[in-house]
Amino acid sequence: MADISSLDLTRVKEDLINAHRECSKRRLLHGAKWAAELSSALNVTVSPHALAVKAVNEDQYQDFDKVTLSTAYFDLKEYDRAANVVEGATSPLASFLHMYSRYLADITRQLDNASDSIGHSGPVDNGCLKTLRMELSAKHVNKQLDGFGLYLYGVVLKKLDLSKSAVDVLVEAVNREPLHWGAWQELGLLITDREMLLSLSLPNLWVRSLFLAQVYLELQLHEEALEIYQAFMDAGFSRSNFIIAQIAIAHHNMRDVDQAVAAFSELEKIDPYRLENMDIYSNLLYVKEMRADLAHLAHRCCNINKYRVETCCVIGNYYSLRTQHEKAIMYFQRALRLNPHYLSAWTLMGHEFMEMKNTSAAIQAYRQAIEVNKRDYRAWYGLGQTYEILKMPFYSLYYYRQAHLLKPNDSRMLMALGECYEKLDRLQESKKCFRKAHSIGDVEGGALFKLAKLYERLSEEEQAASAFTEYIVETERKGTHSHEEMSQAYRYLANYYLARRQLDDAYATAQKCAEFTETREDAKVLLQQIQALRSHSEGLTPIHLDDSIESLPTDCYRPSDSHSFGRVTPVNLTFTP
Amino acid sequence: MCLWAGALEDMYWYAQTLYHTGQFHRAATLLCSRKLDKHYAACRYLAAKCHFECREWQEALNILDMADTSLARSSILNMSISQSFVDQDSSLPVKGINSSISLLRGRIYEAMDNRGLAADCFRRALQQDVYCFEALDLLVSHHMLTAQEEMDLLNSLPLTVCCGEEEMELVRFLYENRLKKYNKPGKQEVPESLSLLKNNMDVVVNLAERNYYNCDFQECFQITSSVLSKDPYHSQCLPLHIAALVELKKSNALFYLGHKLIDFYPNKPVSWFAVGCYYLLTKNYEPARRYLSKATSLEKTFGPAWLAYGHSFAADNEHDQAMAAYFTASQIMKGCHLPVLYIGLEYGLTSNAKLAERFFSLAKSIAPDDPFVLHEMGVIAFQNQDWHEAERYFKEALNRVQSVPYQNMPDKWEALLNNLGHVARKLKKYDEALEYHRQAELLLPQNPSTYAAIAYVHSLTGDNEQAVDYFHKALGLRREDAFSTTMLGSVIEALMVEVTPCDFPDEDSEAFGSTKLPLPPLPLQRGFVDLDSQSCLVSPSDRSSSMAIEEVEMDD
């Protein structure tokens, strides 16, 4: 990997400026924007000599008129016309413009023809794409494609679901034209795992690091990504919006909400009219339930541009937080009308449909999300949930599994998996899931309790007891507990100790048991048994039974009581998953 | 004329003029009343032609026959007369009159539905005069001879006798160029010595036709459009252009073309054929039939219209009527295997495999090298569960297809590749099957049945993970696919049974690997149950391929 810290920033800037020029000549607007943004973030001076337009070779002049006219039409979004003007032209630039305009013409036409009902795509109409592919592949075989032409070929292949060939072509494209970010981006979306990433032969340039970071983000390898971005920040890209945004996204993905919010609000300050990634920001605000901030963001975005996918998603999130699900769905649908391949709108819409208990629509939405990006674990998870509701456990198991594979360190997937296995009576697997969920840091809690219940079901008493104990310790520590679960835990422990004749522990736990209304009756019985046993062994009369019960409700939440389980802790040590 | 009291050539010219002004009866009477037709071949020819124009076939034939017998009777006398006459006055176009008469006789026979005799007459005409292109044209365009017979005829022509070295090459090339193009895929190059002809319209049109039969519709369309831009009503090019328009689904252009043709040539069958094809393309079968039958009634021998007429029924699943139309077409186009092929297809669709097979073999005997025929034979073998046979046919078809140096193989052949995959799967050659399906996917991306087939192979090899993935893909494209839905259910179930906890990825994959060895129980059972629905999986693709062929012939 190229060493980022020792980059020659002047060279980088020159390259970026050239890249911008090349991209905008071909009307690759996003690539041009990316190059310009990065270049403007670099605070170095470039000699005017390097910026002078290099002598254009002959073949560019040859089609000069045609190309100029074509780009003019292109800028007015008259793609067919633009394509027609440069039809049959031979220079690479002209033929690229021809193909690219045809591609865009087809895409816009499909967008316009799309039926109004979202998600109900009719039969695939890919005739234009197929002919484009034929022509491009002929040119490819004859080696007539430059880096940009290869990029277009790759995009078309990707559209046609021919990912393998698409990857090859795009790798070729980035090798030819390393500073065209669009090609990197398309390539990034096709990479399924780390091995594949490492197997590609990519140009050894600083861009490659940026690409790797982006893919790491996608592959949920956030630490690695952050490291690279940090290196870029240190190397002089600290004013780059792009990198700041990427860092914010990394924090978001790591569920490091506060950091992410901080990064986004900083971004907001630097670039107040930026809409990109604002939907992710809104997700964060949603999770933190910062209503006012979300409302503010929504209004602001709406002011900037009402008809942008990001704006629609922000507004959708806003309505969702206000539990106005219909309105939220309406906005997500609008986003999708604007761009049917906008991932987060599909997923979010799926969530909304779930809220409204419209499972079939939710499935539709989630599936579309997966079509757009197979690595969207939220959509897989959502699918799992819907199929769970539909009582199709195998399906939901499969989907949860996919989600888990994508995000192996998220306890929520593991919990869901565990529950599924439990439903299918495959308790061993279920046990493993819960144990793992607990060991990687249970986000929502409950893993331990479920695990304990499972041990109870499997009558592995030792394990159950230790799990319950740990559960109690954990919840006491966190200060969050539900009465029902606690009471059950105590009851089990009491029974357990009683059965082992550890009367002191049994007594203590039974006492706790009596604190909860649900188990008070059981507790009484237990205490009596304990008393009986004690008297049996020591000949004492039961004295403090009654007043203990009286006194208990008052010290219901006394944390100091937990030390009474001091004896149980040794058991904890045996609890190794 | 009156002054000369019936001098021969005046009579002839007068009759000729009458003929050209459309006063056929008058001309005929003129000639017959003076018995000129009995004595002079040219006059006889003209008189018969007059009757022919009036659709009085029998009369025309009588005139020709009568002359023949009289010729035989008093041959010497007559011959001498006509001979002397020719010598005296070459203004009467007697040269080649024999071939003209043969040609006319052939046309009369053809009009009287006596195609065998007609073909003989045309052949004789060609033998008598190698330059009688019209005879060849009729023979070829009406598909009277099989490819082999055509070649024989061409070889038997007395070219060496009749024309010089250079001319011979020219004529031979032009004729060969004109011969059957669809019975096997292939290319023909214009020889160096005749490179001047490269831009000749007829040669170019023949090239387009070849492209068409090679399923390179885009190329064909480009050529025909360029021809039509120079000569908007090139009659040989029009049907081809129409067919290419149908194939490329350019309904708007076809609509416009049809309108123009109807306005200019309401009496030509090709105009109504264009309109019929437009309705066929827009799936309006009722009007399509109406216009196509109009085309056939204008000229009974217009084969393409009959075939399209058949397609209009076939597309509506009216197999009997479709077959009736195809039968008529097969009567008309004796030398063409397509009608027979379609009859076979219809029988196949009505699950009458025996008859289908018989018709396919008939088609094969006419065109032994056509990959479409081979493909359909393979499908029948497949349906008879004769996997090896099917594989043989498919492979042969593939060989034929691959013999054409395509830049890109036309996506029509996706069905062939998929069927090869199905067969390979049946023969338990799973890797091969996957490979074929992959190729099919490359050829025609985003095809749900290809995905389903890939998934099925994966499930049989026990790679349930991939299977689930591909079934999902298939269902994403075609949601109500029963086969994929049931298979997905069972495969997911099997996958989830075999996959042990995902806690420890490494361990997990090992566990997966070990269960791979024995075939997973669930999908297999399902597989057996699904045998029928499996063949369903095949037939849609066959159907599409059959539709493919249907379109292929459409022109000609």
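Helices here (H or I, at least four residues) and strands (E, at least two) are DSSP runs, numbered from the N terminus.

A word on the ground rules. This is a predicted model, in which local features need pLDDT of at least 70 and side-chain atom pairs count only at pLDDT 80 or more, while totals for chains, interfaces and linings use all residues. Residues are numbered from 1 along each chain as its sequence is written, and chains are lettered from A and ligands numbered from 1 in the order in which they are written.

## The two chains

Chain A has 33 helices and zero strands, and chain B has 32 helices and zero strands. The table uses two terms. A residue is buried if 20 or more other C-beta atoms lie within 10 Å of its own, exposed if 12 or fewer, and partly exposed in between, with C-beta atoms placed from the backbone. Two residues are in contact if their C-beta atoms, placed in that way, lie within 7 Å.

| Chain | Buried residues | Contacts joining residues at least 24 apart, among those between residues at least 6 apart in sequence |
|---|---|---|
| Chain A | 45% of 577 residues | 53% of contacts |
| Chain B | 49% of 556 residues | 55% of contacts |

## Helix α23 of chain A

Helix α23(A) covers residues 377-389, 13 residues in total, and reaches 18 Å from its first C-alpha to its last. That is close to the 18 Å expected at 1.5 Å a residue, where the expected span is 1.5 Å times one less than the number of residues.

How many of the 13 residues of α23(A) are buried? The count is 11, so α23(A) is mostly covered.

## Where chain A touches chain B

Two of those covering helices also turn up at the partner chain: α22 and α24 of chain A. In the contact between the chains, 24 residues of chain A meet 18 residues of chain B. The elements of chain A that give two or more residues to this side are α8 (127-141), α22, α24 and α26 (427-439). α24(A) gives the most, with seven residues. By type, the residues on this side of chain A divide into 13 nonpolar, four polar and seven charged. Here Ala, Val, Leu, Ile, Met, Phe, Trp, Tyr, Cys and Pro count as nonpolar, Asp, Glu, Lys and Arg as charged, and the others, Gly among them, as polar.

## Two helix pairs

Axes are lines fitted to C-alpha atoms, for helices over the stretch in contact, and angles run from 0 to 180 degrees between N-to-C directions. Angles under 35 degrees count as roughly parallel, over 145 as roughly antiparallel, 65 to 115 as roughly perpendicular and the rest as oblique.

In chain A, the axes of α10 (residues 163-176) and α11 (residues 181-189) come within 9 Å and cross at roughly 150 degrees. That makes α10(A) roughly antiparallel to α11(A). From α10(A), V167(A), L170(A), V171(A), A173(A) and V174(A) meet A183(A), W184(A), E186(A) and L187(A) in α11(A). The residues of this contact divide into eight nonpolar, no polar and one charged.

In chain B, α21 (residues 338-349) and α23 (residues 371-383) pack at an angle of about 20 degrees, with their axes 11 Å apart. α21(B) and α23(B) are therefore roughly parallel to each other. The contact is made by L341(B), G344(B), L345(B) and G348(B) of α21(B) and F372(B), V373(B), E376(B) and I380(B) of α23(B). These residues divide into five nonpolar, two polar and one charged.

## Positive phi in chain B

K249(B) has a phi near 55 degrees, a positive value in a residue other than glycine. K249(B) lies in the loop between α15 (237-247) and α16 (251-264) of chain B. Why does K249(B) count as partly exposed? K249(B) has 13 C-beta neighbours inside 10 Å.

K428(B), not a glycine either, has a positive phi of about 65 degrees. Its place is in the loop between α25 (414-426) and α26 (430-443) of chain B, and K428(B) counts as exposed because it has 11 C-beta neighbours inside 10 Å.
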